[in-house]
Amino acid sequence: MTKFAFIFPGQGSQFIGMGKDLAAAYPAAREVFETVDAALQQDLSQLIWEGDEEELKLTANTQPALMAVSVAAIRALQSHGIGPDKAAFVAGHSLGEYSALAASGAIELADVARILRIRGNAMQAAVPPGEGAMAALLGATPEQAIALCELGRAEGGVCEIANDNAPGQIVISGTKAAVELAASKTGEVGIKKAMMLPVSAPFHCSMMQPAADEMMKALSDIEIKAPSVPVISNVTAEPTSDPVAIRQHLIEQVCGQVRWRETIEFMAAQSIELTVEAGAGKVLSVMNRRTAKDVEGLTLGTPEDIESVAKRLG
């Protein structure tokens, strides 16, 4: 059998209508949306399928919405006898790590929905609007990004690597002044270009500490079990099945760097032949080609995808 891993997308992959066909075609997928709606005491499904795009983009809605679609896709595939336990690993990008934990049975679906609502609100509230910023660095090495962050911090403020997504694709995060200063100095460290990102907060940097504190409290009330398959953590880029470690990694993840390039490099080193991106879109599958050209990427977001992947892996 093909050695494969399930991967789960993060914020930015959302769109109105995602998962609607899955819910119509698979009772197990519909049940996921019903469980999430009940847990949040909100008709989130209606928003996801037919709502306002700007409302869906609100972090507190986006996070549980994307998780619901990802888990619905996994449950649909499970009806063909292929579940996370058939994979070598699961991993998710930022909030996608929660989708991976829900899909692998480490945290109950309703608990994940509630915790992501808290996470979304906490991350949004951690920094007043306009005080933080993020920028994408094009063609940067990690060493160049570190040097650029040092230049950004020259006049004070926070400027840190938030996401190491793929070779030449790094995102920095911090105070608006420091990130803008860094973006203006790309030429000094040999980086092609920096693009300021239209984000509502400076995610995955030390400015998110109030949100990390909030998550420490929220996660202390949640039962975490050993997942059915090892979960590769964003902050370590290594697999674990230890509930104590998983809880700690989720807290650290709020301020910590998303080490996605290293995650995919680890998978390739473990002879993973195929990744299956469960949920909305194909952002990760496209991005991963830059890191591991020999690892094939499939998507799992529509009934047609489910049938195709089931045939491929069955």
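Threonine 263 has a polar side-chain atom 2.9 Å from the backbone oxygen of arginine 259, a polar contact (N or O atoms within 3.5 Å, one able to donate a hydrogen and the other to accept it; residues adjacent in sequence count only if both atoms are side-chain atoms). Keep in mind that this is a predicted model, where local features need pLDDT of at least 70, side-chain atom pairs count only at pLDDT 80 or more, and totals for chains, interfaces and linings use all residues. Residues are numbered from 1 along each chain as its sequence is written, and side-chain values use heavy atoms, with hydrogens and water left out.

**Around threonine 263**

- Threonine 263 sits in helix H12, residues 260–269 (helices are DSSP runs of H or I with at least four residues, strands are E runs of at least two, numbered from the N terminus).
- Threonine 263 counts as buried because its relative accessibility is 1% (buried is under 20% relative accessible area, with a 1.4 Å probe and protein chains only).
- Beyond its neighbours within four places in sequence, threonine 263 touches Ala91, Ile232, Ser233 and Ala237 (contact is heavy atoms within 4.5 Å).

**The four-stranded sheet**

- Four strands make an open, antiparallel sheet in the order E4-E5-E3-E6 (paired strands share at least two DSSP bridges).
- E4 (159–166) and E6 (193–196) are the edge strands; each has a single partner, so one side of each lacks a neighbour in the sheet.
- E4 and E5 (residues 169–175) pair antiparallel over six bridges, and aspartate 164 has isoleucine 170 in E5 as its bridge partner.

Terms used. Buried < 20%, exposed > 50% of the residue type's maximum accessible area, 1.4 Å probe, protein only.
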